[in-house]
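Please open the model in your viewer and keep the sequence panel beside it.

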Amino acid sequence: MNVRAAAAKVLFEVVDQGYSLSSALPTAQQSIRPRDHALLQEMCYGALRYLPRLESIVNELMDKPLKGKQRVFHHLILIGIYQLSFMRIPPHAAVGETVEGAQALKGPRLRGLINAVLRNYQRNQEQLDAHAISHNAGKYAHPSWLLKLLQQAYPEQWQKIVEANNSKAPMWLRVNRQHHTRDQYLELLKQNDIEAEIHPQAQDALRLLSPCDVMTLPGFDLGWVSVQDAAAQLSVDYLTPQDGELILDCCAAPGGKTAHILEHTNNTEVVAIDCDDNRLKRVHENLERLQLQAEVICGDARYPEEWWNGEKFDRILLDAPCSATGVIRRHPDIKWLRRGSDIEALAELQSEILDAMWRQLKPNGTLVYATCSITPQENIDQVRAFLKRTTNVELIGSQADNPGRQILPGEENMDGFYYAVLRKTA
C-alpha cells in the first residue's frame, strides 16, 4: 500500500475509532514495504503530536469537512500537511505521493480535491501556520482539559512539560547485568560505532544519541540488552530486590520491570500478574529472549484470592494502571484518547489495587507504588490518602506532606514517572 494511505488509515483508526496507536500501527506496517516502516511511524506520530494545528489548517482550507466514508481522506490531507510543514520531504514528492494515496484508498475522484488543498496550503503556508498557533489548542497541541490540569498542578513547569510531550522520545537501553556491566556494554557500542551516554542515577541505563534498529545492537537477540526508559528502570532501585525473595510484579505487562528484577537477583521467585492476557504474551516473549523465568499469571489485582495461594510477598512492585500522561512523547495518541473523567475512575481503581496488594505483603516488606502518570490525583494525592487510612505503614525516603518522587517528562531525558516506597510495619 501507498505509505501515505497507510498513515491515513492509522490516523482514522486512532482519532475516529478510538484504537491505540500501538495496536493500529503494527497492522498498517504489514501492508507496506519494510523500508517504509520508519517513514510511516514518523508521519503517524508527528500528525498525532500536532493534531489540533493540522486540523485548524484543514478547516481553513476546506468549505465543508469530509464526513462518513470520506473521513479517511480527511486524515490523508492531515498527513500531507504534516509532511509539508514538518518533514524534509521535497514538497512535490509530499504532494504527489499523498494525492496518489487517494487511489490506494479507493477514492480516485478525490485526488483533485486533495491536490488543490495541499497546493493552497503551500501558497499560503506562512499565514495559515500563524493562524493555527494563535489559539492554545494549536499552539500547545494538548486538549484543553489536560492543558488546564498541567497549568494547575505545575504552574511554573507546565510549559516545559508541554514542550517535552511534543518532542521525540529518546531511545534508552537497559543493560542486562547478568551478561555485562553498563560500562562493558558501552564499550561494545563504541566498537560498533553506536554513540551512547550513561544516566546519572539509573545504573543499567544507556541513552543512544541516535535511535537505531534493535537488531543492530550487540547481543540483542541473546538478551544482552533491552529497550526501556531510564525512569522505568529506576523501579528496581526503589524496590531493592534481594536474592532468594518472593517478589510480585503487579500489572506487569509488557514485562520490562519483571525482567529487570530477575537480572538484579539470583534464586529469586518473581510472580508477574496482569489482567490482560494479550499483553501477557509480551511478558513471555521478553522473558524468553532474555532467558529468564517468572511465574506469569492472568488475573485481576483487586482480587488476589482468585489467582494466588495466599503466601505473602517480601516485596511488591505495583505499577498501577494509570492515565499514562507521563509517556505522551512516546504515545502521542494518549492526548486524544484520554478524557478528563478518566482520571477519577483510574484513581479509584488504583486505590482498590493498592489496598488489595498491601494485604499480600509480609510484615517488614516493601511495596513500591509506581505510575507513568504526572497527575497529582493518581500519585501524591493517592499516596497521601493511603497513608491516612492505613496504620501499619511507613513512608520511606520522602515526607508525608509531599510523598514519593514525581519525575516530569524530559527530566534528565526521562519519561514522566512517579514512585513512592512504603514499608509494612506489622
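Begin with a loop: select Asn-267, which sits in the loop between helix 15 and strand 6 (269-274). What is the phi of Asn-267, a residue other than glycine? This is a predicted model, and in it the phi of Asn-267 is near 55 degrees, a positive value. Most residues other than glycine have a negative phi, and most peptide bonds are trans.

Display the backbone here and look at the bond that joins Ala-253 and Pro-254, a cis peptide bond with omega at about 10 degrees.

Now colour the chain by its domains, which are domain 1 (3-141), domain 2 (170-228) and domain 3 (229-424). For comparison, select residues 161-425, where UniProt, in an unreviewed entry, places the feature "domain: SAM-dependent MTase RsmB/NOP-type". This span is 30% helix and 24% strand, and the C-alpha atoms at the ends of residues 161-425 lie 37 Å apart.

Keep domain 2 and domain 3 on the screen, their C-alpha centres being 24 Å apart. The contact between them takes 24 residues from domain 2 and 24 residues from domain 3. The size of an interface is often given as the accessible area lost when the parts come together. Domain 2 and domain 3 bury about 1,900 Å² between them, with 41% of that area on carbon and sulfur atoms. To see where domain 2 loses the most area to domain 3, select Arg-174, Gln-201 and Gln-228, which together account for 31% of what the domain 2 side buries.

Finally, show the strands on the side of domain 2 that touches domain 3, where strand 1 (171-175), strand 3 (205-208) and strand 4 (225-227) each supply at least two residues. Which of the strands gives the largest share of this side? Strand 1 does, with four residues. Coloured by residue type, the side of domain 2 that touches domain 3 divides into ten nonpolar, eight polar and six charged residues.

Definitions and conventions. Residues are numbered from 1 along each chain as its sequence is written. This is a predicted model: local features need pLDDT of at least 70, side-chain atom pairs count only at pLDDT 80 or more; totals for chains, interfaces and linings use all residues. Side-chain values use heavy atoms; hydrogens and water are left out. UniProt positions are given in the numbering used here, feature names are shortened, and annotations may be inferred rather than shown by experiment. Domain bounds come from an automatic or database domain assignment. Contact means heavy atoms within 4.5 Å. Buried area is the accessible area (1.4 Å probe) that two parts lose on being put together, summed over both. Ala, Val, Leu, Ile, Met, Phe, Trp, Tyr, Cys and Pro count as nonpolar, Asp, Glu, Lys and Arg as charged, and the others, Gly among them, as polar.
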